[in-house]
Amino acid sequence: MRAIVVGGLGFVGSHLVRELTDHGHTVVVIDCGPFGPGVEDGHPQGSIAASLAFRRHELLPRARIVRLDVADRPRLAEALDAADPDCVYYLAAAPLVSQVEANPPEAGRSMMLGLTHVLEIVRARSRPTRVVYVSSSMVYGHFAANPVSEDAPTKPVNLYGALKLAGEVMTHSYLARTLHESVVVRPSGVYGPTDIHGRVVQKACEATLTGEPFIASNPAETFIDFTWVGDLVSGLVAAGETRGLGGDTFNLTFGGARSLEDLIGVVLREAGNLNVVRSNSGAGDRPRRGTLDVSRAHRLLGYRPRVDLESGVRRYLDFLVSHAVAPVAAQ
């Protein structure tokens with residue numbers, strides 16, 4: 001198929017592009033993210049540059065990259081028309097809860113305005129097109145069950161979750177009763193090579209290389225359905241390829257929550273050292289989470305996550321060591 005990945009230069013997006021091209025699909029990336037000096041030439045300085053270089057040279061080389069802001073509707077329409085996609089994946093978003101809270105208008109440009117433009121353009125197309133919208137488990141708010149199924153109440157407790165839920169409703173509503181199809185996916189706790197935004201697994205793994213303290217808030221009571229990025233993108237590809245979908249929503253996670261204390265133990269066993277500073281401070285804007293039910297994705301998409309936390313941490317540490325990736329502060 002011909003696919004467009006909006007936000008394809010990002011962490012999940014670039015891994016998705018690699019998986020799509022490995023499946024033989026033609027991919028166009030739409031993103032405004034730059035590759036700065038020292039990255040394009042293959043001699044990056046610093047961890048962010050190293051991760052971006054890996055994306056550019058290892059994950060994205062078979063895709064065509066179109067640099068534009070999704071808020072620019074005329075250029076966006078031109079790019080979509082030229083690509084003539086069978087499927088559009090929408091991943092453009094602020095990557096962290098804290099970034100959304102710090103700058104809601106800027107977050108809204110990609111998470112609402114850009115999505116609206118894509119849906120308007122797709123709805124006007126005369127050829128059937130599927131839109132796969134990448135949401136978040138944050139839409140559930142505090143988990144009311146364990147595991148949580150796609151039919152559970154959605155009650156986000158922060159602006160990030162609220163914007164993701166609004167995106168789900170918009171995607172399904174815009175394309176309902178049209179010749180186009182909408183599919184929503186809800187990931188959780190995604191980690192793996194080239195993450196640069198200071199998520200918890202990245203922080204823990206990089207701390208083993210630097211000796212910097214890893215600050216863990218309520219580690220025994222904090223549970224996350226950690227998901228290896230490769231497992232997630234296999235499900236995303238299936239969401240674009242599988243026939244007979246339309247108006248469907250899927251949890252795409254590992255399907256088994258682990259505590260932050262578990263993560264600490266896994267990193268210690270794999271790396272041999274981790275300077276842990278435990279804190280009893282509250283999670284603030286973070287909901288109480290747990291396991292997500294992935295049986296629907298298993299049944300309809302053939303989704304089978306294969307990388308548990310032990311294997312994933314081992315692979316991630318190997319990547320960090322082999323690419324000499326130094327730590328970065330959370331943005």
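# Reading burial, cores and ring pairs in a predicted model

Analyst: Arg125 counts as buried, at 12% relative accessibility. The model is predicted, so local features need pLDDT of at least 70 and side-chain atom pairs count only at pLDDT 80 or more, while totals for chains, interfaces and linings use all residues. Residues are numbered from 1 along each chain as its sequence is written, and side-chain values use heavy atoms, with hydrogens and water left out.

User: What does buried mean here?

Analyst: Buried is under 20% relative accessible area, exposed is over 50%, and partly exposed is in between, with a 1.4 Å probe and protein chains only. Arg125 sits in the loop between helix H5 (104-123) and S5. Helices (H or I, at least four residues) and strands (E, at least two) are DSSP runs, numbered from the N terminus.

User: Which residues does Arg125 touch?

Analyst: Contact means heavy atoms within 4.5 Å. Leaving out residues up to four places away in sequence, Arg125 touches Leu80, Asp84, Pro85, Leu179 and His180.

User: How many helices and strands does the protein chain have, and how compact is the protein chain?

Analyst: The protein chain has 11 helices and 13 strands. Its radius of gyration is 19 Å, close to the 20 Å of the globule rule for 331 residues, so the chain is as compact as a globular protein of that length. That radius is taken over C-alpha atoms, and the rule is 2.2 Å times the number of residues to the power 0.38. The C-alpha trace spans about 55 × 50 × 35 Å along its principal axes. Of contacts with a separation of 6 or more, 83% come from residues 24 or more positions apart.

User: How should I read a nonpolar core?

Analyst: In soluble globular proteins, nonpolar side chains tend to be buried together. A nonpolar core is a set of buried Ala, Val, Leu, Ile, Met, Phe, Trp, Tyr and Cys residues joined through side-chain atoms within 4.5 Å. In this chain, buried residues make up 54% of the 331 residues. The largest core has 60 residues, and those touching the most other members are Val12, Leu16, Tyr89, Val185, Leu236, Leu263 and Leu301. Helix H8 (residues 229-241) gives the largest share of this core, seven residues. Apart from that core lies another of 35 residues, including Ile30, Met111, Val122 and Tyr160.

User: What is an aromatic pair, and how many are there?

Analyst: Rings of Phe, Tyr and Trp (its six-membered ring) pair if their centres lie within 6.5 Å; planes under 30 degrees apart are stacked, over 60 edge-to-face, and the rest tilted. The whole structure holds four aromatic pairs. One of them, Tyr90 with Tyr133, is stacked, at 6.4 Å centre to centre and 25 degrees between the planes. It links distant parts of the chain, with Tyr90 in strand S4 (residues 87-90) and Tyr133 in strand S5 (residues 130-134), 43 residues apart. Both Tyr90 and Tyr133 are buried. The ring centres of Tyr191 and Trp228 are 5.5 Å apart with planes at 70 degrees, so this pair is edge-to-face. Tyr191 is in strand S7 (residues 190-191) and Trp228 in strand S10 (residues 227-228), 37 residues apart.

User: How many disulfides are there?

Analyst: A disulfide is a pair of cysteine sulfur atoms within 2.5 Å, and the count comes to zero.
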